[in-house]
Amino acid sequence: MAACTLYSTQCFNTISSTPSSKTHLGFHQRQVVFYTTTNNKRSSNKRSGNNNTGRYVITCAAGDTVVIGLAADSGCGKSTFMRRLTSVFGGAAEPPKGGNPDSNTLISDTTTVICLDDYHSLDRTGRKEKGVTALDPRANDFDLMYEQVKALKEGIAVEKPIYNHVTGLLDPPEVIKPPKILVIEGLHPMFDARVRDLLDFSIYLDISNEVKFAWKIQRDMAERGHSLESIKASIEARKPDFDAYIDPQKQYADAVIEVLPTQLIPDDNEGKILRVRLIQKEGIKHFSPVYLFDDGSTISWIPCGRKLTCSYPGIKFFYGPDTYFGNEVSVVEMDGQFDRLDELIYVESHLSNLSTKFYGEVTQQMLKHADFPGSNNGTGLFQTIVGLKIRDLYEQIITSKAETPVGAAKA
Amino acid sequence: MATISTVTLSIPARVIAKGVEIPQKAQTIKFSPVFRLNQRWPCLTGSGRPSSVQPLHAAPDKISEKVEKSIKEAEEACTDNPASNECAAAWDEVEELSAAASHARDKKKESDPLENYCKDNPETDECRTYDN
């Protein structure tokens, strides 16, 4: 079904109509520009001073792809998040069948996940020669990234390069067809301003240094050759580039999942219990933040007590408004871990605005993937909740596009 | 998706090469489960042998060796000047390879040869499921 949307633009001076071009879906894409001189009665998102002439662009496109951006450092849980997210939408995401076995892309019925490493402009040897890390923008082709994400968003299939993580080379491209939901995950989804504007929703996984160190130890100690020193050296060596290029992206994210060491156990250095904060930006279209008890109030809550028995160290929740890099946000925080199913259900029944379709959906999703890391603490909980929020956002965008009347330019 | 349906008389074919269309003729192609062929291979059944072989799903051993090698190289690169770009790039490579190794480990852990076969050939006898 082609949906036509009306855009009010200020920058067209001519009457033009672009010829219709057939997209791969067989839909015709037409853009017609009407030049009118009216007072700007129609509601427009942007209100600027010089609104004497209203020019309207009607775009009828089959491209109703919703684009989600996910940023995180390597080894920080992007893959787990992806699996949870695709599971919320239904179906398992798998690498494209019959293609390059080292492809980084995942495809399910509704979702396609693209790894932004595929847009490296320098392969491993190239980066070594120039002394540049993968975190550095110089190693990435942002122009191509922008072009292809824009094309996919408009409903045009693209040939995307493949970065082979095993060989470190750039392999021949693969065809990516525009999906209903496109997720771009990697180090720099929000780095380039043009790509940022294409995103309908963006998430940043902010892992604190102690937790990152603990996770990487868990991941790498099984490898021959790795030692505590080498893991530490690796993190330290990448830190300057990470702080300069990756970390600043969190100010642009609509949702930040921050993972910190627990405050429940004094002097804890095992790093097993985590304190996870979900920082949700206010005022984002189609996104209503999750809250505890009452929207906008501040509350500290310990669910363990008479109705619920928890084992040491228990669970502690916090909710409150805050500012984050100059933006108004609402923060939901969970410290501790879930040991039993009823703890999860009890907590879910007290959180509001979860965008679940039935009671217990969060619990069900968490149990479905009980083997994923973080399934018993805030990381899994908030990742699942963000997944449900994205589903809600997607459905809202689709319904709003379907409702916009065609030919609405009443000049 | 195009798949080859293989018919063998005595031995059930295990993992099949995917992505190549063979209409009527039944071909027996037998490969061990870890191999998967890229669909860009020129004609499998006929005249030429394929000219280039796509890399197989890297066995974790290969990646482990790469990780070890890269750690040694990074340590060497950093002895002269720990703050240099070369040092950072070398450790970044270690990180990338460690991540690839961990993904390969996870994949290996999850892959059950029967499940993999049945995903692509659910109609075969071994893979039939019954609801009642």
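Colleague: Hi! What kind of model is this, and how are residues numbered?
Modeller: It is a predicted model, where local features need pLDDT of at least 70, side-chain atom pairs count only at pLDDT 80 or more, and totals for chains, interfaces and linings use all residues. Residues are numbered from 1 along each chain as its sequence is written, chains are lettered from A and ligands numbered from 1 in the order in which they are written, and side-chain values use heavy atoms, leaving out hydrogens and water.

Colleague: How many residues of chain A are in contact with chain B?
Modeller: 38 residues of chain A are in contact with 40 residues of chain B (contact means heavy atoms within 4.5 Å).

Colleague: And how are those chain A residues split by class?
Modeller: The side of chain A that touches chain B has 9 nonpolar, 15 polar and 14 charged residues. Here Ala, Val, Leu, Ile, Met, Phe, Trp, Tyr, Cys and Pro count as nonpolar, Asp, Glu, Lys and Arg as charged, and the others, Gly among them, as polar.

Colleague: How many salt bridges are there between the chains?
Modeller: The count is 8, a salt bridge being a side-chain nitrogen of Lys or Arg within 4 Å of a carboxyl oxygen of Asp or Glu. Lys128(A) forms one with Glu73(B), with the closest N and O atoms 2.8 Å apart.

Colleague: How do β7 and β10 of chain A run?
Modeller: They run parallel, joined by 5 bridges, and Val113(A) has Val183(A) as its bridge partner in β10(A).

Key: Two strands pair if DSSP finds at least two bridges between them. Helices (H or I, at least four residues) and strands (E, at least two) are DSSP runs, numbered from the N terminus.
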